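Hi everyone, thanks for coming.

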Amino acid sequence: MIERINRLIAEIESLKAVSLEEVEQLRLKYLSKKGLVPVLFDDFKGVPVEMKREVGQLLNDLKNRANNKIEALKSGFSQDAKASSANLDLSRPAANFQPGTRHPLAIVRTQIIDIFARIGFTVAEGPEIEDDWHNFSALNFTADHPARDMQDTFFIATNPDILLRTHTSSVQIRTMETTKPPIRMIFPGRVFRNEAISARAHCIFHQVEGLYIDRQVSFADLKQTLMYFAKEMFGENTKIRLRPSYFPFTEPSGEMDVSCNICGGEGCNICKYTGWVEILGCGMVDPNALENCGIDSQTYTGFAFGMGIERITMLKYQIRDLRLFFENDVRFLNQFRGAI
Ligand code: DAH
């Protein structure tokens, strides 16, 4: 009996039909009063008492499966029948299907990666939860440097040695610790600072760090690389200028401005009528930072740079409030449909 039921289940599961009429024939064959399934139910009387429970369950299962199968076959045809009906209006506009859009920060991050990939930079990432060594000490921040101040850095309450990285420069250190020069890499990622949220600042934002270490790398290489980047990102006519600055991990250090891509250098409210906008910090890697990672600073030199993705995206798309990036309002996001 059990074997018969199982055979019938397998048979029913593999049923196929090419028309509604065929489904009806199958229904009659298996489920009508004299059909194969009810006939088995009739035989149930002869099943020995101790097997009734098992066989009964199996029979019910068989009946359910048969019903479901017939219904499934039927509904397949009724949909087809609807679709082929004469009053189908092929001129009706399709349902408005809205695919998602890529986030503007992701679009620009990809552009930055592509631009540097074309001149041989590869990509790596590091952890967002860092220790003091990688975020500060190895980068030549002295113990009392103001950037370590509680006001800027989110420390983990139970362990002041652990913090949320305040910049992607920490990945420079991790890379130099484990990779022998030449190193030509960029490091995109999220960074965290204890800042009041406003149109110009957020406690979470994104950076891309760049690092190039080899024999005889010079400031001219840095300048040429950044000029290439600026022209690729903002257009062939973009000019750059480097101003002296200070970062503990680079010497000399600089900040780079690009000619304002909104007014072309004429002066507008985006560039505060200066014709220039600042986009990144950079410099020659300080020998202390190299030595902290076991790289011989007599043999090797290098440059580094770090830029904020939000800032570059705001300039590129003329976005005036940084908070828009984090609100995920589809009316904002949908404006980037079609941008690579
Ligand atoms: N880490 C710096 C910041 O967050 C940016 C920076 C400046 C990165 C100079 C660098 C650099 O690699 O050389 O403000």
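Let's begin with Arg241, which is partly exposed, at a relative accessible area of 33%. By that I mean between the two cut-offs: buried is under 20% relative accessible area and exposed is over 50%, using a 1.4 Å probe and protein chains only.

Before going on, a word on the source: this is a predicted model, where local features need pLDDT of at least 70, side-chain atom pairs count only at pLDDT 80 or more, and totals for chains, interfaces and linings use all residues. Residues are numbered from 1 along each chain as its sequence is written, and side-chain values use heavy atoms, leaving out hydrogens and water.

Back to Arg241, which sits in strand 7, residues 240-247. Strands are DSSP runs of E with at least two residues, helices are runs of H or I with at least four, and both are numbered from the N terminus. Which residues does Arg241 touch, not counting those up to four places away in sequence? They are Glu255, Met256, Asp257 and Trp276, where contact means heavy atoms within 4.5 Å.

Now to His202, in the loop between strand 5 (183-192) and strand 6. His202 counts as buried because its relative accessibility is 12%. A polar atom of its side chain lies 3.4 Å from the backbone nitrogen of Ile204. Leaving aside residues up to four places away in sequence, His202 touches Arg193, Glu195, Ile197, Leu322, Arg323 and Phe326.

Arg193 brings us to the ligand. An oxygen atom of the ligand is 2.9 Å from an N or O atom in the Arg193 side chain. The backbone takes part in such pairs too: a backbone N or O atom of Ala304 is 3.2 Å from a ligand oxygen, and a polar backbone atom of Phe305 is 3.3 Å from one. On its own the ligand has 360 Å² of accessible area, and the protein covers 89% of that; these areas come from the Shrake-Rupley method with a 1.4 Å probe.

How many residues surround the ligand? There are 15, and His167, Ser169, Arg193, Gln207 and Glu209 are the closest; a residue is counted if one of its heavy atoms lies within 4 Å.

Finally, helix 7: it is largely enclosed by the rest of the structure, because 7 of its 10 residues are buried. Among them are Ser169, Val171 and Ile173.

Conventions:
Polar contact = N/O pair within 3.5 Å; in protein donor to acceptor, adjacent residues only side chain to side chain.
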